[in-house]
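User: I'd like to learn how to read a model like this one, feature by feature. Could you walk me through it?

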Amino acid sequence: SDRYMGQLGLMSTIRQDFETLRTLLEDLRKEGQKPIDRIILYVDDLDRCQPAQVVQVLQAVHLLLAFDIFNVVVGVDGRWLERSLSSEYGSKDGERDTRPSPFRAQNYLEKIFQIPYSLGTLDQDSFGSLVEGLLPTRSAAEPQPEPDRIDLTEAVGTLFFEDFEETFFKRLHAFVNTPRLAKRMLNVYRLLRARAAAEDYESFLSSESTGTYRAALVLLAVNVSAPQVGGKLLYSLSRETDDNISLQAFLDEIVDNLRVSRFTDEERLTLARVRDDIKAIGDDLPSELAAYRHWAPRVGSYSFDWQLIGDGA
């Protein structure tokens with residue numbers, strides 16, 4: 001009856017509209033026409049929403065999947081889904097769940113999603129392929145214009161990467177386990193490289209074995225993979241005055257708590273892993289600390305908390 005229509009909630013109204021849409025499409029098929037076969041909805045960045053919004057989206061997804069015309073693909077961190085559902089439906093802090101069967105987010109999700117699929121981390125081969133696809137190396141580039149037509153000089157270096165840069169970049173696989181981190185690291189390195197072109201390009205890419213590009217890349221890898229300690233480490237490096245100490249020894253002293261630092265015990269454990277990953281790269285890293293001290297503030301400026309660290313926070 002029309003007297004009840006005004007009392008229907010939004011979800012009920014939407015359901016009625018979808019029922020009408022399905023009926024219309026079925027009628028078109030019966031008449032021999034070819035309407036839309038399927039509507040695929042992609043939901044991304046759900047883990048940036050507040051728990052209440054996450055639950056509302058899940059309710060909407062559940063509604064859509066009741067109609068065979070809709071397929072829904074949700075890309076999200078599963079941990080955030082469980083946390084949001086537990087926040088909305090689970091027992092509150094300090095309360096005891098007295099229900100016969102306590103709420104479990106897993107049960108809720110299983111009623112909505114037919115196929116869960118977890119993406120694995122980047123293995124070494126996949127990381128290498130990704131780097132090759134993202135880095136425009138000089139050898140893979142098209143032949144350059146004649147020198148008398150355009151003066152490329154250092155600008156060529158900012159446009160095309162050397163082959164040995166790509167090779168070294170691949171050796172940093174231990175620090176990068178997702179495509180997002182790999183792209184972030186590469187994009188920041190482009191900016192660092194452009195800065196080097198204006199300041200000290202010759203020493204930055206002097207050769208495969210002497211260029212300070214290796215110091216910049218190692219510090220960038222640490223800052224991207226371990227941001228919780230990267231900023232502090234870079235700040236400590238930028239303030240270090242002893243050039244006779246190696247990077248490895250510098251890290252050893254912090255990890256073993258042999259020097260005054262602002263690192264907590266938990267942060268030193270993270271630094272121990274970082275130290276081991278750096279050691280695994282090989283012995284051909286710059287030995288002098290001056291190269292790392294030079295690039296530490298430049299890499300650190302691409303951290304979210306660099307200014308806070310500098311202010312003593």
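User: Let's begin with strand S1. Where is Tyr42 found?

Analyst: Tyr42 is found in strand S1, residues 39-43. Helices (H or I, at least four residues) and strands (E, at least two) are DSSP runs, numbered from the N terminus. Before we go on, two ground rules. This is a predicted model, where local features need pLDDT of at least 70 and side-chain atom pairs count only at pLDDT 80 or more, while totals for chains, interfaces and linings use all residues. Residues are numbered from 1 along each chain as its sequence is written, and side-chain values use heavy atoms, with hydrogens and water left out.

User: Is Tyr42 buried or exposed?

Analyst: Buried means under 20% relative accessible area, exposed over 50%, and partly exposed in between (1.4 Å probe, protein chains only). Tyr42 counts as exposed because its relative accessibility is 61%.

User: Which residues make the nonpolar surface patch with Tyr42?

Analyst: A patch takes residues with over 30% relative accessible area and no salt bridge; like charges are joined within 9 Å, and nonpolar side chains (Val, Leu, Ile, Met, Phe, Trp, Tyr) within 5 Å. The areas come from the Shrake-Rupley method with a 1.4 Å probe, and for residues only the protein chains shown count as cover. Here Ile40, Tyr42 and Val73 make a nonpolar patch of about 320 Å².

User: Val73 is in strand S2. How do the side chains point along S2?

Analyst: In a regular strand, side chains alternate between the two faces of the sheet. Strand S2 covers residues 70-74.

User: How many bridges join S1 to S2?

Analyst: Two strands pair if DSSP finds at least two bridges between them. S1 and S2 run parallel and are joined by five bridges. Ile40 stands opposite Asn71 in S2.

User: What separates Ile115 from Val73?

Analyst: Their C-alpha atoms are 9.7 Å apart, although the two residues are 42 residues apart along the chain. Ile115 sits in the loop between helix H5 (105-110) and helix H6 (124-134), and with a relative accessible area of 74% Ile115 is exposed.

User: On to rings. How many aromatic pairs are there?

Analyst: Rings of Phe, Tyr and Trp (its six-membered ring) pair if their centres lie within 6.5 Å; planes under 30 degrees apart count as stacked, over 60 as edge-to-face and the rest as tilted. A search of the whole structure finds 10 aromatic pairs. One of them, Phe169 with Tyr189, is edge-to-face, with 6.5 Å centre to centre and 65° between the planes. Phe169 lies in helix H8 (residues 163-170) and Tyr189 in helix H9 (residues 179-199), so the pair ties together parts 20 residues apart in sequence. Both Phe169 and Tyr189 are buried. Ring pairs link Phe127, Phe161, Phe169, Tyr189, Phe204 and Trp295 into a cluster.

User: Which charged end sits over the ring of Phe161?

Analyst: A charge sits over a ring if NZ of Lys or CZ of Arg is within 6 Å of the ring centre and within 35 degrees of the ring normal. Arg193 places its charged end over Phe161, 4.5 Å from the ring centre. Over Trp295 it's Arg298, at 6.0 Å from the centre.

User: And how many salt bridges does the search find?

Analyst: A salt bridge is a side-chain nitrogen of Lys or Arg within 4 Å of a carboxyl oxygen of Asp or Glu. The whole structure has 17. Among them, Asp284 and Arg171 bring their closest N and O atoms to 2.8 Å apart. Asp284 lies in the loop between helix H14 (265-281) and helix H15 (289-300), and Arg171 in the loop between H8 and H9, so the pair ties together parts 113 residues apart in sequence. Asp284 is partly exposed at 36%, and Arg171 is partly exposed at 31%.

User: How far apart in helix H14 are Asp265 and Arg268?

Analyst: They are three residues apart, about one turn of the helix. Asp265 and Arg268 form a salt bridge whose closest N and O atoms are 2.2 Å apart. Asp265 counts as exposed at 56% relative accessibility, whereas Arg268 counts as buried at 11%.
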